[in-house]
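Please brief me on this predicted model. Keep it short, and group the points by topic.

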Amino acid sequence: MPVTHTNTPAPLASTTPWQDKMQVWLPKLILSPTIVVTLICVYGFVIWTGLLSFTKSRFLPQFDFVGWRQYERLLNNDRWITACENLLIFGGLFIAICLLIGVLLAIFLDQKIQQEGMIRTIYLYPMALSFIVTGTAWKWILNPGLGLENLVHQMGFTDFKFDWLVNSDMAVYTLVIAAVWQSSGFVMALFLAGLRGIDSSIINAAQIDGASKPRIYWSIILPCLRPVFFSAIIILSHLAIKSFDLVTALTSGGPGYSSDLPALFMYSHSFTRGQMGLGAASAIMMLAGILAILVPYLYSELRGKRNA
Amino acid sequence: MKLKTLFLAMTFAAGSATAGEVEVLHWWTSGGEAKSVAVLKQMMEQQGHSWKDFAVAGGGGESAMTVLKTRVVSGNAPTAAQIKGHDIQEWAELDYLANLDTVAKKEGWEQSVPSVVTDIMKYDSHYVAVPVNVHRVNWLWANPAAFKKAGATIPTNLDEFFVAADKLKAAGIIPLAQGGQPWQEATLFEAVALEILGSADYRKAFVDHDMAVLKGKKMVEALTIFKKMKGYTDQAASGRDWNIATNMVITGQAGMQIMGDWAKGEFIAAGKKPGVDFVCVPAPGTQGQFTFNVDSFAMFKQKDKGAMAAQNDLAKTILTPEFQEVFNLNKGSIPVRTDMDLSKFDQCALDSMDTFKASATSGDLVPSFAHGMATTSAIQGAMYDVLTNYYNSDNISAQDTANLLADVVEDAM
Amino acid sequence: MAKLDLIDIRKTYPKSDLETLKGINISIEPGEFLILVGPSGCGKSTLMNTIAGLEDISSGEIRINDVDVSGLAPKDRDIAMVFQSYALYPNMTVRENMAFGLKIRKTPTTEIDAEIKRVSELLQIDHLLDRKPSQLSGGQQQRVAMGRALARRPKLYLFDEPLSNLDAKLRVEMRTEVKKLHQRLGTTIVYVTHDQIEAMTLADRIAVMKAGEVQQLGSPYEIYNHPTNMFVAGFMGSPSMNFVPITVLENSDGHACTELTGSDGKAQLLALPDKLKTYVGKKLMLGLRPEHISQQLSHHSETDLISAARFNIEILEPTGPETIAQITINDHAVHCRLAPDLSITAGQDLDLMIDVSKASFFDPDSERNILL
Amino acid sequence: MHSSSTSQGDNGLGRWLIYGVLALMALVYLLPLFVMLVTSFKTGTDIRTGSLISLPQEWVTDSWQAAWGTACTGVTCDGIKGYFWNSIKMVVPAVLISTFIGAFNGYVISKWRFKGSDLFFSLMLFGCFLPFQLVLLPMAAMLGKLGLANTTTGLVLVHVIYGVAFTTLFFRNYYINVPDELVKAAKLDGAGFFTIFWAILLPISKPIIMVTIIWQFTSIWNDFLFGVVYSGADSQPITVALNNLVNTSTGVKAYNVDMAAAIIAALPTLLVYFVAGKYFVRGLTAGSVKG
């Protein structure tokens, strides 16, 4: 016998069509401020800069168009070429070394280490510091007269030479050192999180198959961490491309302009050099570069995931 | 903030028509300079105005310029900003600067300030900025004790310079203290170029941008000597601030520094006496020549009456002999007024003032391109790039650099 | 208790040419237990979501108690749903999970408490009320999910593969629970599963779906014994129905018959129902369930449509209560169900009984059951 | 067999190696902080005569007091204490608002998808890569039009605008791993758009909220560019003061004061990392790393 319901719950206050429509429109409504702001403050400003790059603007924006002139000047500018080469060196090394250190430390930390929390915090803390602080500290440590070189000299090894900071050919590598120091801990955290998310039965299965630990990590675990590599590379390239504070604080692009980076080039030409048109052109070139590298990568990664 | 300003303006408008707020953007944050600005602040406050300080240090005002540009674009320009040289013309051309002719007339600036300086302060023959001081850039600072120890004499020309430098080096003293920033390298080069080219050709090259001079033989010679000087600096110069370099001379770690007269403030602050603990002589071979660098405040157009009154008072105050004296004593420069009592100033400043007056008539008074006096920031920046790259890189010849210098100047014109 | 009518439901996803639902017509009586079965991708879950209002339909009508609800938001349809993943709110206790819907409907607290008491006792989860879902076993989570649905006393219950995340033993237990629950409460239930035993045991009626269409709607008995086409026939039952291609012949008596060829190549005659006489000379597909081929049973007298034949037993798969054997007929592998205590080894020949009276016959081209 | 032999190896030499490497790297990471710390407690002469990593001859806190209260950062010599408060006034609202908006955006993009929402998400991702120097002038013009130029409100607005791309990304990636059935169940229970968010999703978002807050707090607190350009004269953040202080020096560079100031400026972010660091890894584990 079916149980008869004596107390039917209060019926839901019948909603008006207006409220139902709201439910459909609410998500769009919620997102719309961000959409508008993004369109204006990201894309609008990029278009504005694009327009500016075709003008002869110097001191402040002026809209007298000169065609591709600023781009021609840019490509003939030695400092710009140096800055772009530096970005490739800096970005490439920075990303590669951060990934390497990050992965290794994460794997090591994942071996049921005592005091893991403390070690993890030590690796992570540089991320909390501003580039001004990092730059100031490293500038001092890397200074041949004051820092590391001096320290080793005092220890008795007077032949020791570590003058990268003041060496035109090596200055860009000091940027790599400081940037890696600052960001590799974060990469470690990403990978550690990724490792924690992997089903341990995979490792057990591989061990039963007779695979050695390094081999398990190399051929089973790392491929599983592909999404983490993706996130890490995106975040690291974002840091590399935007590296501005660090260069300003550590080398100011020097000696000469040997450690200049595009962001610094753009900033100084736009604001202190009175070459706003040229600065805008360099900004657009930077964006084009970012797009050229990132879009194919994003596309292949995201598409691959959809198929999987 | 706007409301607050409005409120302030309203309250003051009732009582006194002259009280208002000045917001001053500057990059004078280091000791002597900051003290000097503090004096100005105090003097303004005595007149009933309020002072809002907007100090942004770093890179010879690079950050400050960025801030200024964004503030102007946002329609919220400060009352006054530390702008100098050619940039004053740029701002005035864009019609952002206020007309100070009334104050200038009332205060008689034309009579007390030499025309070399007032020309820079005027756009379209109207005053838009107020000069604060005159720096002489082509100074050589030396530590006599270090020279004595090395058995060297303080040089008066380039040949002597290298003789003395060799002796200092042999005595284990860094001959030339140098800071590794583009503007410091340009300052050094400027002093050399002034000697090699002479005042007339210096002007042709860096003010009129005569291509023949820019890539001429003399320029190549100047570049060669400039590079030769690098051999007498220490290796760790890169990124070093000028005052650290000065400090090397103070402590006797280094023998000499070629730097503008603001370096004097550092010696004084360290308790050193001019002529005894340190000497100031013109950069080698530039006796009688004067590379000037004039600091100034440009006044931005204001909507608010109180602010305008305060602005005029600020302009007036800056050029009062009292402020000129205090400020320049702190900063190491000489007053822009030529009618002042200089009894409190030291010998370096007196020398400077004499040369200033004399060179104004002889044609040896030239604007410093390293400090934005001679040309636009675009050309100045382009020249910085070429010079700093040449100075710090071993694989480019003096001749190529001279050609490149001409090319980039032409490109940036 | 409510009546649910699905009238010509069509659904096409944006950016897709294919119709996911191609005109579904089902009427569900108050208190009826309807099960939707079909292979994955057949549209059964989409249909479920459209009933719930979680997805829009492209055309058609969904009527609950003769009211068209197809334009209403899910909350206004008064429907509860139990999900395969249970979808328990992880931040809430069991009590809060069950009370959530009632609270939103502004039910007085005392009523909520009473309702939770009733449901939790009914489902024997009253000792778990203050736990979080993460502290529960799979079976307990499943009960809570059902409790959450029951607490609201909706007009209609939707179950989306609710038992498929449980292990085999628990699944059988819960299946019984669900059946008991339905018998006690007499609620209207639409239940999606891909497990045909669940379908057979629980349903009042079963709707077999394929490619967005209902293939057959009927009682479990009808679906099992009178499948309308080869798809339904093959989908329900395990091991599934054997399909043997045959040619209809006429024997000397004028009865319909056909020849079956075993693995040894010998042909044996098999009598066919006389209804098939019109098909003489034509090819048909004979559908025989494994239990319709068995060892010689003493109590089965050989009637017209129960024929004996001898086949070579190729593979034996004892399952305990029965043994599944594989033979070859007309070059097709055929499963038959034998008694477990039969002493026989693979490779032997065995006399089997074929019960054609319960067989189905399909047109090989249209795959439709020609006798319906 | 194999597994047991490898794990034995782990316990011996391999294990020591791992600890060795980890400890060594910890030292490397700590070195700059150590140098900064000891330097900040040294006297001027101690810095010049001692070595980089030697402990102070005598521990003095003068430079800390100077950095906090008496060092010059312009015409005033009140140290960086006033700026500390300025930064807090700016950071707290900026972090909260951007996190809040990011949570809502992530919720919509992952659970209420509509035509174009995915496209918009990709467009937004690009915003993460925008070099901020590029937006300085147009943003200034916009703030001017809004009457927010050089106000704390304006600065907060800028940080929110350019932070939302990140916060949205974080929340979207987290919510995408929350089963859709939860939302469906809630819808059937009668919950609407906001109720589902408040009652179902937000309570399970703690890990990602922590990640987002840490990230946003760090980047906004440490920002110099926006801070120097969009703040008002009396609302400059601490990074501007630090910059003024570090670039302010006459004669002997007061490294000890610089270092003390740098550490003071970094204290809040350090604190956040030390206190909430474990949530950071946990939050990343909880899903934000799954691109």
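Ile9(C) sits in strand β1 (residues 4-12) of chain C; strands (E, at least two residues) and helices (H or I, at least four) are DSSP runs, numbered from the N terminus. Ile9(C) is buried, because 24 other C-beta atoms lie within 10 Å. Buried means 20 or more other C-beta atoms within 10 Å of the residue's own, exposed means 12 or fewer, and partly exposed lies in between, with C-beta atoms placed from the backbone.

This is a predicted model: local features need pLDDT of at least 70, side-chain atom pairs count only at pLDDT 80 or more, and totals for chains, interfaces and linings use all residues. Residues are numbered from 1 along each chain as its sequence is written, while chains are lettered from A and ligands numbered from 1 in the order in which they are written.

**Around Ile9(C)**
- Leaving out residues up to four places away in sequence, Ile9(C) touches Leu21(C), Gly23(C), Ile24(C), Leu47(C), Thr50(C), Ile57(C), Gly60(C) and Ile62(C).
- Contact means that the C-beta atoms of two residues, placed from the backbone, lie within 7 Å.
- Asn25(C) is 16 residues from Ile9(C) along the chain, and their C-alpha atoms are separated by 6.9 Å.

**Chain C against chain D**
- Chain C gives 17 residues to this contact and chain D gives 14 residues.
- On the chain C side, β6 (79-82) and α2 (94-104) of chain C are the elements that give two or more residues.
- That side of chain C has 12 nonpolar, 3 polar and 2 charged residues.
- Nonpolar covers Ala, Val, Leu, Ile, Met, Phe, Trp, Tyr, Cys and Pro; charged covers Asp, Glu, Lys and Arg; the others, Gly among them, are polar.

**Chain B: overall fold**
- Chain B contains 19 helices and 12 strands.
- Its radius of gyration is 22 Å, close to the 22 Å that the globule rule gives for 413 residues, so chain B is as compact as a globular protein of that length.
- The radius is taken over C-alpha atoms, and the rule is 2.2 Å times the number of residues to the power 0.38.
- Along the principal axes, the C-alpha atoms of chain B fill a box of roughly 70 × 45 × 40 Å.
- Of the 413 residues of chain B, 60% are buried.
- Among contacts in chain B with a separation of 6 or more, 77% join residues 24 or more positions apart.

**Chain B: domains**
- Chain B has domain 1 (2-134 + 295-350) and domain 2 (139-291 + 368-412), with bounds from an automatic or database domain assignment.
- The centres of the two domains of chain B, taken over C-alpha atoms, are 30 Å apart.
- Domain 1 of chain B brings 14 residues to their contact, and domain 2 of chain B brings 16 residues.
- The domain 1 side of chain B divides into 1 nonpolar, 9 polar and 4 charged residues.

**Chain A: spans and confidence**
- An unreviewed UniProt entry lists "transmembrane region" spans in chain A, including residues 29-51 and 170-195; positions follow the numbering used here, feature names are shortened, and annotations may be inferred rather than shown by experiment.
- Residues 29-51 of chain A are 100% helix and 0% strand, with end C-alpha atoms 31 Å apart.
- Residues 170-195 of chain A are 96% helix and 0% strand, with end C-alpha atoms 36 Å apart.
- The average pLDDT of chain A is 81, and 91% of the residues score at least 70; pLDDT is the predictor's confidence in each residue, from 0 to 100.
- Residues 1-15 of chain A have pLDDT below 50.
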